[in-house]
Amino acid sequence: MRATNAVGLAPRRREIIFLERSMHMSRMNQIRQMWQTEMRVPSGLTAQEAWDFWILESPPYDVKTAAVKEYGSKHQIRTLVETGTFHGYMVAAQKQHFDQIYSIELDEALFLAAKNNFAGESHISILHGDSSKVLPSLLASINEPCLFWLDGHYIPLSIESAKGDLDTPILEELATILSHHVTDHVILIDDARCFIGPNPLLKDYPTIEELKQYVATLRPDLHFEVKNDIIRIHPPRTVSATKTVQFRLPFDQKSFLIHGSHSDQSVLYYVEMADGLYEDYVINLLRKVVQPDYVCLDIGANLGTISLALSYLAPSGKVYAFEPSSINYHFLTKTLEDNQIQNVEPVPLGVFDRNGTVEFCEVDRGGGWSFVASEATSAATDTITCTRLDDWVAKNHLSRIDLIKIDVEGSEVQALTGAVQTFKNFNPDLVIEFNPDNLRGYFGKDPNELFLRIFSLYNHVYLIKRDESLVEISTYHELLELIKPFHGDLFCTNKTIL
């Protein structure tokens, strides 16, 4: 009988093992999917799940050495500073590409081995100590931009990993670098997948979001993105090529100075062509609608023309200006600062149907035409961080939203998809671009999908004509006829018919 039971239990044991493995793989797929789309992981990771996640999400090391070489070349930086020498792999890979290399190692045995290994290289200095303490003295002698490869992270379960006072001194390292008198350093942080917050294996790691907020507090002008397990922090491209023009409202003789790129043909060009005006037909409509205490969201703020108009029309209200492009965001913040605008809060995020990093295409000839990349375009030049509007509103505890303007170059459907609760809770008026070419070309979307979404939200939908008249729309075919040959802007409301 016992023998029979033993034989009978063997298949059952195999079945249990198979189910356990299947459940573990399902859980790992969930963890990895959330990480890849939202740059965070589910709460309550076990030590085994954390370790397996780090192993599965680790890219080949040559991806990292290639990134360091690429960023040094792209930003024309000749000095590399590394924290966490370990066996000297990165130093060896980069010694032909930088004029000067400093690498800091906490473990004494690893330090001595690397110092001996690179003793014949006069341009390589191996330094010993905790990077949070060595970096300040090193930077005291630095007067030019450096590329920082921050890899001084404690690795659990490794006999060769040194640990200082913290599992990672990343916040201390960033504070030192970002407060340095040289302002155009480039920072690459290895092992992005470790930045998931406290877990059974590591206690002192912030999350990606916490790290991003920390950098934004110290240097809001910097671009922050995560790609291939590397956190990348650097000045926006083409920031130095600044052009300033006068933008004026079509009423009250009110004007502002707005900043942009010399190559911009999408906003600054049209402002100059129109003697300082820009989308005056939309702004004149806003004058009729916006009350002094309105809370407004400008989604796709670009260089800030609509945000400035809303700021002026709602002096006792608030404007949140969402702009994910690091180039546009730089100009936007500079414009707000130089015009001393106090009631507009710039938000360096795109509004989409999910949270996390997405690919993005910066259009050099016009920031107003930059767009979220997709399989339909395959035109990515960069990445941006996006949020579902519902999540952002909840996180920021907004209790009122009166008007939303959306102009996001073809991703309007995705923006509305992530904002269902916001529209339900606040019933804001909406100004939205309707551009069939962008919807089809950038995302392969049927424009009728956007039309149906809008009509599911609003009783009254108007086309804002260029002569400032309003035409109420009732059918999709009617809208397509009215916006020929290009596109149009819609005003949508559930309030009294205008």
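Me: Is Glu-468 buried, partly exposed or exposed?
Reply: In this predicted model, Glu-468 lies in the loop between strand 19 and strand 20 (470-472). Its phi is near 75 degrees, a positive value in a residue other than glycine. Buried means under 20% relative accessible area and exposed means over 50%. Glu-468 has a relative accessible area of 33%, so this residue is partly exposed.

Me: Which value does phi of Asp-252 take?
Reply: Asp-252 sits in the loop between strand 8 (242-248) and strand 9 (255-261). At 47% relative accessibility, Asp-252 counts as partly exposed. Asp-252 is a residue other than glycine with a positive phi, near 65 degrees.

Me: Where on helix 18 do its buried residues fall, and within what arc?
Reply: The buried residues of helix 18 (residues 476-483) are Tyr-476, Leu-479 and Ile-483. They line one face of the helix, because, seen down the helix axis, they fall within an arc of 60 degrees.

Me: Which two residues does a cis peptide bond join, with omega about 5 degrees?
Reply: One of the two residues is in the loop between helix 18 and strand 21, namely Pro-485. The cis bond, with omega about 5 degrees, joins Lys-484 and Pro-485.

Me: How are helix 6 and helix 7 oriented to each other?
Reply: Two packed helices are described by the angle between their axes and the distance between the axes. For helix 6 (residues 131-139) and helix 7 (residues 170-178), the axes are 9 Å apart and the angle is about 10 degrees. Angles under 35 degrees count as roughly parallel. Helix 6 and helix 7 are therefore roughly parallel.

Me: How many nonpolar, polar and charged residues does the contact of helix 6 with helix 7 have?
Reply: Helix 6 contributes Ser-131, Ser-132, Leu-135, Pro-136 and Leu-139 to the contact. From helix 7 come Glu-172, Glu-173, Thr-176 and Ile-177. Sorted by class, the residues in the contact are 4 nonpolar, 3 polar and 2 charged.

Me: Which side chain makes a polar contact with the side chain of His-223?
Reply: His-223 is in strand 6 (residues 223-227), and it is buried, with a relative accessible area of 4%. Not counting residues up to four places away in sequence, His-223 touches Arg-232, Ile-233, His-234, Ser-326, Asp-382 and Thr-383. The polar contact, at 3.3 Å, is with the side chain of Glu-225.

Me: Which backbone oxygen does the side chain of Ser-411 reach?
Reply: Ser-411 is found in the loop between strand 17 (403-406) and helix 14 (412-417). At 2% relative accessibility, this serine counts as buried. Beyond four places away in sequence, Ser-411 touches Phe-352, Val-372 and Phe-443. Its side chain reaches, at 3.0 Å, the backbone oxygen of Val-408.

Me: How far apart in space are Gly-197 and Ile-208?
Reply: Gly-197 is in the loop between strand 5 (186-189) and helix 8 (208-218), and at 2% relative accessibility it counts as buried. Leaving out residues up to four places away in sequence, Gly-197 touches Leu-202, Tyr-205, Pro-206 and Thr-207. Gly-197 and Ile-208 are 11 residues apart in sequence, and C-alpha to C-alpha their distance is 8.2 Å.

Me: What is the C-alpha to C-alpha distance of Arg-27 and Pro-42?
Reply: Arg-27 lies in helix 1 (residues 2-38). Residues up to four places away in sequence aside, Arg-27 touches Pro-42, Ser-43, Gly-44, Leu-45 and Glu-49. Arg-27 and Pro-42 are 15 residues apart in sequence, and their C-alpha atoms are apart by 9.7 Å.

Me: What percentage of the residues of the protein chain count as buried?
Reply: The secondary structure of the chain comes to 18 helices and 21 strands. Of its contacts with a separation of 6 or more, 68% are between residues 24 or more positions apart. Among the 498 residues of the chain, the part that counts as buried is 53%.

Conventions. Residues numbered from 1 in each chain as written. Predicted model: local features only at pLDDT ≥ 70, side-chain atom pairs only at ≥ 80, totals over all residues. Heavy atoms only, no water. Buried < 20%, exposed > 50% of the residue type's maximum accessible area, 1.4 Å probe, protein only. Helix = DSSP H or I, 4+ residues; strand = E, 2+ residues; numbered from the N terminus. Arc of directions from axis to C-beta. Axes fitted to C-alpha atoms, helices over the stretch in contact; angles between N-to-C directions. Parallel < 35°, antiparallel > 145°, perpendicular 65-115°, else oblique. Contact = heavy atoms within 4.5 Å. Nonpolar A, V, L, I, M, F, W, Y, C, P; charged D, E, K, R; others polar. Polar contact = N/O pair within 3.5 Å; in protein donor to acceptor, adjacent residues only side chain to side chain.
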